[in-house]
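Here are a few exercises to work through with the model open in your viewer. Try each task before you read its solution.

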Protein chains: 2
Amino acid sequence: MSKKNAITPTREENYPEWYQQVIKAADLAEHSVVRGCMVIKPWGYAIWENIQKVLDRMSKETGHENAYFPLFIPLSFLEKEAEHVEGFAKECAVITHHRLEKGPDGKLTPAGELEEPLVVRPTSEMIIGESFSRWIQSYRDLPLLINQWANVVRWEMRTRLFLRTTEFLWQEGHTVHETKEEAEAHTLKMLEVYVRLAEDYLAMPVVAGIKTADERFPGAVETYTIEIMMQDRKALQAGTSHFLGQNFSKSCEIQFQTREGNLEYGWTTSWGLSTRMIGAMIMTHSDDDGLILPPKIASKQIVLIPVIFSDDQKVEVLQYCEKFKKELESIVFNGESLGVIIDDREGRAGEKTWHWIKKGIPLRIEIGPREIKEGKISVTRRDKGPKERVFFKQSEFLQKVISILEEIQKNLFNRAKKFQKENTHEIKGRDEFFEFFTPKDTNNPEIHGGFALCHYSEETDVHELLQKELNVTARCIPLELSHEEGSCVISGKPSKRKVIFAKAY
Amino acid sequence: MSKKNAITPTREENYPEWYQQVIKAADLAEHSVVRGCMVIKPWGYAIWENIQKVLDRMSKETGHENAYFPLFIPLSFLEKEAEHVEGFAKECAVITHHRLEKGPDGKLTPAGELEEPLVVRPTSEMIIGESFSRWIQSYRDLPLLINQWANVVRWEMRTRLFLRTTEFLWQEGHTVHETKEEAEAHTLKMLEVYVRLAEDYLAMPVVAGIKTADERFPGAVETYTIEIMMQDRKALQAGTSHFLGQNFSKSCEIQFQTREGNLEYGWTTSWGLSTRMIGAMIMTHSDDDGLILPPKIASKQIVLIPVIFSDDQKVEVLQYCEKFKKELESIVFNGESLGVIIDDREGRAGEKTWHWIKKGIPLRIEIGPREIKEGKISVTRRDKGPKERVFFKQSEFLQKVISILEEIQKNLFNRAKKFQKENTHEIKGRDEFFEFFTPKDTNNPEIHGGFALCHYSEETDVHELLQKELNVTARCIPLELSHEEGSCVISGKPSKRKVIFAKAY
């Protein structure tokens with residue numbers, strides 16, 4: 001049997017192009033006419049809605065309330081934190097006018113020049129800090145735990161759907177604490193929330209760690225990250241949590257009266273997770289037949305595909321599907337009713353099957369006159385081969401459906417975890433490091449070693465060299481590793497801890 | 001007993017200022033340092049989250065899917081529909097540069113000028129239309145029913161929290177249909193969704209109607225609206241639904257192959273409802289003691305206020321409150337667990353009571369050692385006087401709480417409905433019209449007749465005259481009125497239908 005795939009090219013043939021084609025085949029998103037912006041289509045947006053639902057619940061359970069702050073930041077505010085503005089200056093969309101007027105040539109042109117230009121928020125530390133400085137008077141107002149769901153804009157020259165777009169959707173948490181210790185603990189608590197979202201819902205194993213100085217958020221004291229290995233062995237930074245010390249509270253004048261009656265600057269944190277996460281999920285699980293959705297993040301877990309050979313069967317089959325759909329919807333999965341679609345469009349069952357394979361729905365069930373007569377249904381799992389059917393009695397399936405979905409969820413996680421482990425290697429020397437990141441196959445420049453775990457002296461010139469020569473960066477210092485003396489694999493200088501290096505998105 | 005109110009000034013003393021003070025006292029929102037923008041604080045944002053929850057469910061039940069389109073619209077796209085761009089040109093935030101650079105004076109200035117300026121979306125017809133033109137090929141792709149939750153920007157010179165802000169949050173629905181009839185029916189269906197949201201959840205009686213030509217959405221064939229009477233008898237337009245005919249499909253090239261094989265332009269609709277709705281709710285229900293939240297839109301329905309006279313009572317009272325809270329939370333109201341807060345902050349019960357009165361929570365329950373001993377609780381309703389306590393046995397209250405909340409919800413609606421009826425008058429002649437809108441009390445220039453129902457010939461010069469002389473505009477032609485011959489109360493010319501005139505927000 002010749003193997004034919006729904007997605008061309010395959011991962012092996014051309015990984016970046018495969019990614020674009022998976023998105024297209026699943027109808028998740030498209031490039032917009034607006035340079036660098038994307039349109040998130042309904043099937044893609046439903047994934048974001050589910051990420052929002054899970055993360056919003058976890059954010060509220062950890063004591064945060066949602067609020068909303070302005071889209072625009074006056075230039076003078078952005079400038080208050082020197083490192084911060086430096087980090088974002090090159091990618092700011094700037095508003096300079098507030099109306100359009102017809103020029104002498106009859107064409108509309110910008111008019112009403114602003115006294116001070118406004119920047120479309122690339123992140124909201126400075127504008128939220130301005131409010132916080134007024135909201136906080138005393139230690140009794142602390143901790144202040146706020147989250148915002150918003151769009152942000154970072155002008156990008158080279159964009160890729162979900163992974164890097166000029167506008168993207170995210171949540172940004174901003175908190176203020178009485179003490180350094182409490183703020184540090186909160187930074188880690190929210191990193192753990194991201195780990196739980198990624199691992200328990202999106203079925204993606206992460207490496208949680210601390211960023212080295214060169215990769216820190218502009219203005220942060222420490223940046224924590226979750227890094228996920230994609231199927232081309234590159235790393236994707238999927239969420240970051242920043243301990244900001246008193247840097248931002250000093251530039252924003254966030255002061256409070258302490259228990260002792262003194263005036264002190266607050267200790268702040270911020271943390272963000274964006275629609276990039278959808279890109280990570282696509283690249284972690286999908287195969288050469290298209291998208292694979294983890295059941296817990298899919299808006300629909302099951303599609304019922306009616307198999308109808310003649311018009312006189314139609315009514316009976318569709319009625320049977322409707323009834324079965326209702327029974328399935330009465331089952332609770334992941335805190336909600338199971339999501340079930342009947343694909344009652346015109347067309348052949350085989351075409352519909354491939355349609356839903358490409359869209360990544362976890363379970364496909366074919367129901368035709370034979371299935372009704374025999375009281376059996378044919379079930380296919382998206383994490384298995386497209387022809388691996390299993391037959392169930394209807395009642396039996398109703399009993400087992402939750403455990404099947406949980407098994408798929410677990411299987412996807414384990415598969416990704418195995419891949420991550422197999423492609424993470426301890427590297428001892430410079431030559432080994434360079435060899436690790438050099439593609440073996442010249443036809444396939446994308447394929448390289450994966451994650452390299454090695455001692456590193458954290459020097460900027462070393463980091464720049466590796467970035468330039470190999471396009472490799474320090475991703476993070478894994479939290480699970482304890483301190484360990486050694487010497488940097490590149491510079492030979494003393495190192496106190498191991499770092500993960502990788503090519504990255 | 002002298003009457004003392006929590007809000008200064010009262011509605012009668014200074015209605016616009018009262019509105020600002022209600023928002024401040026309830027901690028709902030504040031003006032931002034960014035001109036015209038507001039910060040929505042957690043207690044205000046929670047109202048928006050509940051509006052979103054209800055409306056999103058209704059939007060999905062009527063067949064819509066959510067998607068997300070770019071924040072920016074290229075100037076050339078906005079220009080494609082002449083009336084449309086004309087309507088929005090004066091209030092567009094324009095992006096002209098995409099980075100910041102240090103000038104010779106060391107100051108950051110806009111750099112990287114764009115070839116074509118981008119406008120921050122004031123509404124998304126033109127950018128969504130661009131996608132729709134590619135998504136739609138044939139009648140099989142129709143109807144296309146899409147909704148977007150987003151922020152939009154319309155530059156405003158005079159702003160008021162929630163009612164008129166440069167940036168606001170909203171949902172915008174955009175649909176394409178095969179026939180004129182279907183699109184018209186859909187426009188009305190979504191208007192009805194807005195009526196249900198306003199009346200059934202926000203307890204606000206509306207007048208649903210058609211806009212006269214002068215008040216139509218720029219580019220629409222017909223605009224439908226819900227208008228709500230505020231307590232100063234002015235009208236607030238709280239949601240609009242537009243039948244766009246083929247105007248936008250022609251400018252955006254949204255064409256489809258018909259069942260007969262011809263190429264036709266789609267029939268489109270759009271409809272939007274924004275954070276303005278929160279302003280409407282505040283002004284409809286609140287009193288001189290502050291905000292009043294309808295139970296179905298409140299994030300919390302009940303506050304438990306521990307009454308503690310000495311430290312040794314504290315543990316017992318708080319434990320009792322915790323237990324009672326859990327019992328209340330096991331009750332389902334409006335499809336969810338009852339929302340209950342225990343106000344365990346330091347401070348006197350009396351102060352806390354006023355805190356929650358101003359925040360508008362529907363029910364306040366005081367629990368102290370006496371209540372525990374006697375097995376009774378003291379319950380106060382926000383729609384009644386602040387001292388009108390009713391005592392319940394705890395078990396009795398648990399049985400009755402849902403019906404009490406429903407009664408509050410109904411009471412708020414009926415109160416507003418009565419006020420709307422009492423202040424809506426049929427006007428027969430020009431003098432009567434002018435008198436109706438002339439304040440009787442020179443100390444109170446805001447107080448006037450209310451809604452005037454009268455014949456109107458729909459002439460632009462009449463409309464401009466009334467706007468100039470009285471600051472009165474045609475709000476809508478109520479849908480519930482049938483056609484009726486008459487003559488315009490101002491011009492005397494023939495009129496086919498009665499219109500509601502009012503001063504408006």
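The exercises below concern a sheet and some helices of this predicted model.

**Exercise 1.** Work out the strand order of the open sheet of 11 strands in chain A, and find its edge strands.

**Exercise 2.** Describe how β10 and β11 of chain A are joined.

*Solution.* Strand β10 (residues 222-229) and strand β11 (residues 235-245) of chain A run antiparallel, with eight bridges between them. To pick out one bridge, take A:Met229, whose partner in β11(A) is A:Ala235.

**Exercise 3.** Which strands does helix α12 of chain A touch as it packs on the sheet?

*Solution.* Helix α12 (residues 394-422) of chain A touches β9 (207-210), β10 and β22 of chain A. Then compare directions: that of α12(A) makes about 30 degrees with that of β22(A).

**Exercise 4.** Characterise the packing of α9 against α12 in chain A.

*Solution.* First, the geometry: the axes of α9 (residues 311-329) of chain A and α12(A) come within 11 Å and cross at roughly 30 degrees. Angles under 35 degrees count as roughly parallel, so α9(A) is roughly parallel to α12(A). The crossing of the two helices is right-handed.

Second, the residues: α9(A) contributes A:Tyr320, A:Phe324, A:Glu327 and A:Leu328, while α12(A) contributes A:Gln394, A:Phe397 and A:Leu398. Finally, sort them by class: the contact of α9(A) with α12(A) has five nonpolar, one polar and one charged residues.

Key. Residues are numbered from 1 along each chain as its sequence is written. Chains are lettered from A and ligands numbered from 1 in the order in which they are written. This is a predicted model: local features need pLDDT of at least 70, side-chain atom pairs count only at pLDDT 80 or more; totals for chains, interfaces and linings use all residues. Side-chain values use heavy atoms; hydrogens and water are left out. Two strands pair if DSSP finds at least two bridges between them. Helices (H or I, at least four residues) and strands (E, at least two) are DSSP runs, numbered from the N terminus. Contact means heavy atoms within 4.5 Å. Axes are lines fitted to C-alpha atoms, for helices over the stretch in contact, and angles run from 0 to 180 degrees between N-to-C directions. Angles under 35 degrees count as roughly parallel, over 145 as roughly antiparallel, 65 to 115 as roughly perpendicular and the rest as oblique. A crossing is left-handed if the near helix is turned anticlockwise from the far one by less than a right angle, and right-handed if clockwise. Ala, Val, Leu, Ile, Met, Phe, Trp, Tyr, Cys and Pro count as nonpolar, Asp, Glu, Lys and Arg as charged, and the others, Gly among them, as polar.
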